[in-house]
Amino acid sequence: MANTYIQIYIQFVFAVQGRQNLIHPTKRESLQKYIAGIVKNNNQKLLSIYANTDHVHLLIGFNSLNFKIPDLVRDIKSNSSKFINEENWFDGKFNWQEGYGAFSYSKSQIDKVINYINNQEEHHKKKSFREEYLELLNKFEIQFDEKYLFEFYDG
């Protein structure tokens, strides 16, 4: 569309099914590169990614009206699950939990969000994923029903 210019920044968060610690640190870079390829193949720009052992953070810059957020997240989750399973990272079948969080940011916040995502390992020494996720939902004033949140386990 002529004279239409778009730049939208969205952080996505989604978790391993059952919140199991299935993304081994030695496999992190491989998964991150694979997901980066999915984002690129969808003509969007990956600004930051960090695959924790039990959940993933992505910051994506969208520059087109020709995308649907649910379709991109579905592609990322389904194709990365298939990749993990085909690579036989462990016995059993890998899946992501249903759902995800999507949080928008302004251009002025991007460096802060990238730093936050890149420092997930240190961040989670102080705060659990549950605390982090609930904090995001509350910060963005998203109403939610606890029974529809990711499965969270203490410990």
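Is Phe83 buried or exposed? I looked this up to start: Phe83 is buried, since its relative accessible area is 12%. For my own use: buried means under 20% relative accessible area, exposed over 50%, and partly exposed is in between, with a 1.4 Å probe and protein chains only.

Ground rules next. This is a predicted model, in which local features need pLDDT of at least 70 and side-chain atom pairs count only at pLDDT 80 or more, while totals for chains, interfaces and linings use all residues. Residues are numbered from 1 along each chain as its sequence is written, and side-chain values use heavy atoms, with hydrogens and water left out.

**Entry: aromatic pairs**

A pair of aromatic rings is described by the distance of the centres and the angle of the planes. The rule I used: rings of Phe, Tyr and Trp (its six-membered ring) pair if their centres lie within 6.5 Å, with planes under 30 degrees apart counting as stacked, over 60 as edge-to-face and the rest as tilted. By this rule I get eleven aromatic pairs. One of them joins Phe83 and Trp89, edge-to-face, at 5.8 Å centre to centre with 80° between the planes. Trp89 is buried too, with a relative accessible area of 14%.

Then I checked Tyr105 and Phe140. Their ring centres are 5.4 Å apart and their planes stand at 85°, so this pair is edge-to-face. Tyr105 sits in strand β4 (residues 101-105) and Phe140 in the segment after α5 (129-139), so the pair ties together parts that are 35 residues apart in sequence. (Helices, H or I with at least four residues, and strands, E with at least two, are DSSP runs numbered from the N terminus.) Tyr105 is buried at 10% relative accessible area, whereas Phe140 is partly exposed at 26%.

Helices α3 (110-118) and α5 each supply at least two. By class I find four nonpolar, four polar and four charged residues. (Ala, Val, Leu, Ile, Met, Phe, Trp, Tyr, Cys and Pro count as nonpolar, Asp, Glu, Lys and Arg as charged, and the others, Gly among them, as polar.)

**Entry: Gln120**

Gln120 is in helix α4 (residues 120-126) and is buried, with a relative accessible area of 0%. Leaving aside neighbours within four places in sequence, Gln120 is in contact (heavy atoms within 4.5 Å) with Tyr50, Asn52, His55, His57 and Glu132.

**Entry: two lysines**

Lys27 is in the loop between β1 (8-15) and α1 (28-41), and is partly exposed at 31%. Lys33, in helix α1, is exposed at 56% relative accessibility.
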